Amino acid sequence: KKLKKEEGRRRAIEIARERKAAQQCNEVDPAAKTSTRHGARNQRRHQKFMKWLLDTFDLQKGSCVVDIAGGKGELAARLAYCHHVNVCIIDPREANVSKCFEDVVLRGLPKKWQQIYQQNLSENNNFLTEMMDQRVRQIVSCFHDGILSYKSYIGAENGSTVDKRHVLSYEMLKAVQDCSLLIGMHADNATEAIVDVAIALNKPFVVVPCCVFPNFFCNRVLVDGSKVRSHEQFCKFLAEKDERFNVEILPFDGRNVAIWWKP
């Protein structure tokens, strides 16, 4: 919580400086577009991000993705219900994906889809829960690049270990190995780990960085020797990990810089 508060204050100062610089230049660079208020929520962010994912990575019915720091499960709910994509959410907090679908996603769907949903629900009251149980699974844990050390670990498969941390790390590694895409939308502390794991396992990925936590990750340095303190520097730091990476501005407000790669 202390880190979050500190990062929030730092972001507020950073955004204020960006606005002041834009006012002095009397123009706003669309590539660096920020929300009109700090912490503003874009109600269509996940919808636009999902469309971009489908177009960019050609996700098909039955594809499997790992959504790291998936939060309440909105992206997972959209992918699973609307596009029949299997999703593994890795997050330290368990999500109620069915509730998120009903509270957030359903009301934004076309009327015809809503009618079909209500019809299915009238025929089977557990329709949504059963569907989500089939297409969405969760690993309640923090994601970290330490899972790479479990490449030869087999204890979790035969139940010979009693250390839950080992089991969770092994489950995360297996999920990543079996997936077709790693996703990190505002994944905070896990952002760099997603990139490092994707490189090590030659996996397609996309991260949309948000919080930087410069005092926590104080060893991050750019190629030119500068320490990573700002969001812009963090994005550059991630992009510098491999010259094959793509950097793209996504079509929503707020932190919208995507670093992605398709091997």
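**Figure 1. Right-handed crossing of helices H2 and H3 in the predicted model.** Helix H2 spans residues 45-57 and helix H3 spans residues 74-83. The two helices cross with right-handed geometry. The residues in contact on H2 are His46, Gln47, Phe49, Met50, Leu53 and Leu54. Glu74, Leu75, Arg78, Leu79 and His83 form the H3 side of the contact. Sorted by class, the contact of H2 with H3 comprises six nonpolar, three polar and two charged residues.

**Figure 2. Axis geometry of the H2 and H3 pair.** Two packed helices are described by the angle between their axes and by the distance between those axes. For H2 and H3 the angle is about 55°, and the axes lie 10 Å apart. H2 and H3 are therefore oblique to each other.

**Figure 3. Burial of helix H3.** Of the 10 residues of H3, nine are buried, so this helix is largely enclosed by the rest of the structure. The buried residues in H3 are Glu74, Leu75, Ala76, Ala77, Arg78, Leu79, Ala80, Tyr81 and Cys82. His84 follows H3 and has a positive phi, near 55°. For the chain as a whole, buried residues account for 45% of the 263 residues.

**Figure 4. Salt bridge between Arg78 and Glu74 within H3.** The closest N and O atoms of Arg78 and Glu74 are 3.2 Å apart. Both residues lie in helix H3, four residues apart, which is about one turn of the helix. An α-helix has 3.6 residues a turn, so residues three or four places apart point the same way. Arg78 and Glu74 are both buried, and both take part in the contact with H2.

**Figure 5. Salt bridge between Lys51 and Asp55 within H2.** Lys51 and Asp55 are paired with their closest N and O atoms 3.1 Å apart. Both belong to helix H2 and are separated by four residues, about one turn of the helix. Lys51 is exposed, as is Asp55.

**Figure 6. Salt bridge between Asp91 and Arg93.** Side chains of opposite charge can pair when their charged atoms come close. The side chains of Asp91 and Arg93 meet at 3.6 Å, N to O. Asp91 has a relative accessible area of 2% and is buried, whereas Arg93, with a relative accessible area of 58%, is exposed.

**Figure 7. Salt-bridge network of Glu192, Asp196, Arg220 and Lys241.** These four residues, Glu192, Asp196, Arg220 and Lys241, are linked through salt bridges into a network. The structure holds eight salt bridges.

**Figure 8. Val223 in the loop between strand E5 and helix H10.** The loop that contains Val223 runs between strand E5 (205-208) and helix H10 (231-239). Val223 has 69% relative accessibility and therefore counts as exposed, the cut-off being over 50%. In sequence, Val223 and Phe237 are 14 residues apart. In space, the C-alpha to C-alpha distance between Val223 and Phe237 is 7.9 Å.

**Figure 9. Secondary structure and contacts of the chain.** The chain contains 10 helices and seven strands. Among contacts between residues at least 6 apart in sequence, 63% join residues at least 24 apart.

Technical notes: Residues numbered from 1 in each chain as written. Predicted model: local features only at pLDDT ≥ 70, side-chain atom pairs only at ≥ 80, totals over all residues. Heavy atoms only, no water. Axes fitted to C-alpha atoms, helices over the stretch in contact; angles between N-to-C directions. Parallel < 35°, antiparallel > 145°, perpendicular 65-115°, else oblique. Left-handed = near helix turned anticlockwise from the far one by under 90°. Contact = heavy atoms within 4.5 Å. Nonpolar A, V, L, I, M, F, W, Y, C, P; charged D, E, K, R; others polar. Buried < 20%, exposed > 50% of the residue type's maximum accessible area, 1.4 Å probe, protein only.
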